Amino acid sequence: MRTIVYTLIPGEPSRLEGVELRDLTPKELMLAALGKCTLLTAVALLAKMRVTVSHIRVETGGGITGDEAKATSVIDSFAQRVELSCPVERDRPAAERALRMTHEKYCGVGLMMEKIAPLEFTFEITG
């Protein structure tokens, strides 16, 4: 199963990198939904906190039991990595809080996916 990557530059629409949505398998669509929910939730929280952001990248992957082509294979883990460029140093603690809140409280798709399999969430905030 491939990793799904969304990127966003403020003022522009989010982009799915390297693949068209129509080409994703059903299980990859689940990853895409998780990535998009994380992206939109983080953007909303960052805006509400008035955090200046120049770029966000959300990478979402998952582990699968057996051969993906088989109907009996299931996702047994999820992993997300968020890379956020925050040029204003004093905004970085709020950016970290927004990302933690996105994962722990506000991304409904993520909360739902954690009922299916463990979700590892990591992030990096740069200048």
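Good morning. With 127 residues, a compact globule would have a radius of gyration near 14 Å, and the protein agrees with this at 15 Å. The radius is taken over C-alpha atoms, and the globule rule is 2.2 Å times the number of residues to the power 0.38. This is a predicted model, in which local features need pLDDT of at least 70 and side-chain atom pairs count only at pLDDT 80 or more, while totals for chains, interfaces and linings use all residues. Residues are numbered from 1 along each chain as its sequence is written, and side-chain values use heavy atoms, with hydrogens and water left out.

Along its principal axes, the C-alpha trace spans about 50 × 25 × 20 Å. Buried residues make up 39% of the 127 residues; buried means under 20% relative accessible area, exposed over 50%, and partly exposed in between, with a 1.4 Å probe and protein chains only. Among contacts between residues at least 6 apart in sequence, 70% join residues at least 24 apart, a contact being heavy atoms within 4.5 Å.

Let me turn to the secondary structure. The protein contains three helices and five strands, and along the sequence they follow the pattern β-β-α-β-β-α-α-β. Helices (H or I, at least four residues) and strands (E, at least two) are DSSP runs, numbered from the N terminus.

Two strands are said to pair if DSSP finds at least two bridges between them.

Within the sheet, S1 and S3 pair in the antiparallel sense over five bridges, and Ile 4 has Thr 60 in S3 as its bridge partner. S3 and S4 are also paired in the antiparallel sense, over 10 bridges; here Gly 62 is partnered by Phe 78 of S4. S4 and S5, by contrast, pair in the parallel sense over eight bridges, with Glu 120 in S5 as the bridge partner of Ala 79.

H1 covers residues 26-48, 23 residues in total, and reaches 33 Å from its first C-alpha to its last, close to the 33 Å expected at 1.5 Å a residue. The expected span is 1.5 Å times one less than the number of residues. Thr 38 lies in H1. Why is Thr 38 counted as buried? It is so counted because its relative accessibility is 2%. Leaving aside neighbours within four places in sequence, Thr 38 is in contact with Val 58, Gln 80, Val 82, Thr 102, Cys 107 and Phe 121.

Arg 50 has a positive phi of about 60° although it is not a glycine. Most residues other than glycine have a negative phi. Arg 50 is exposed, with a relative accessible area of 73%.

H2 has 15 residues and reaches 19 Å from first C-alpha to last, close to the 21 Å expected at 1.5 Å a residue. Its buried residues are Ala 95, Ala 98, Leu 99, Thr 102 and His 103, and they pack against H1, S4, H3 and S5. His 103 counts as buried at 17% relative accessibility. Beyond its neighbours within four places in sequence, His 103 is in contact with Leu 111, Glu 114, Leu 119 and Phe 121.

Finally, the core. The largest nonpolar core has 31 residues, and those with the most contacts inside it are Leu 34, Leu 46, Ile 56, Phe 78 and Leu 84. At least two residues each come from S1, H1, S3, S4, H2, H3 and S5, and H1 gives the most, with eight. Such a core is a set of buried Ala, Val, Leu, Ile, Met, Phe, Trp, Tyr and Cys residues joined through side-chain atoms within 4.5 Å. Not counting residues up to four places away in sequence, Leu 84 touches residues including Leu 46, Ile 56, Ala 95, Leu 99 and Ile 125. Thank you.
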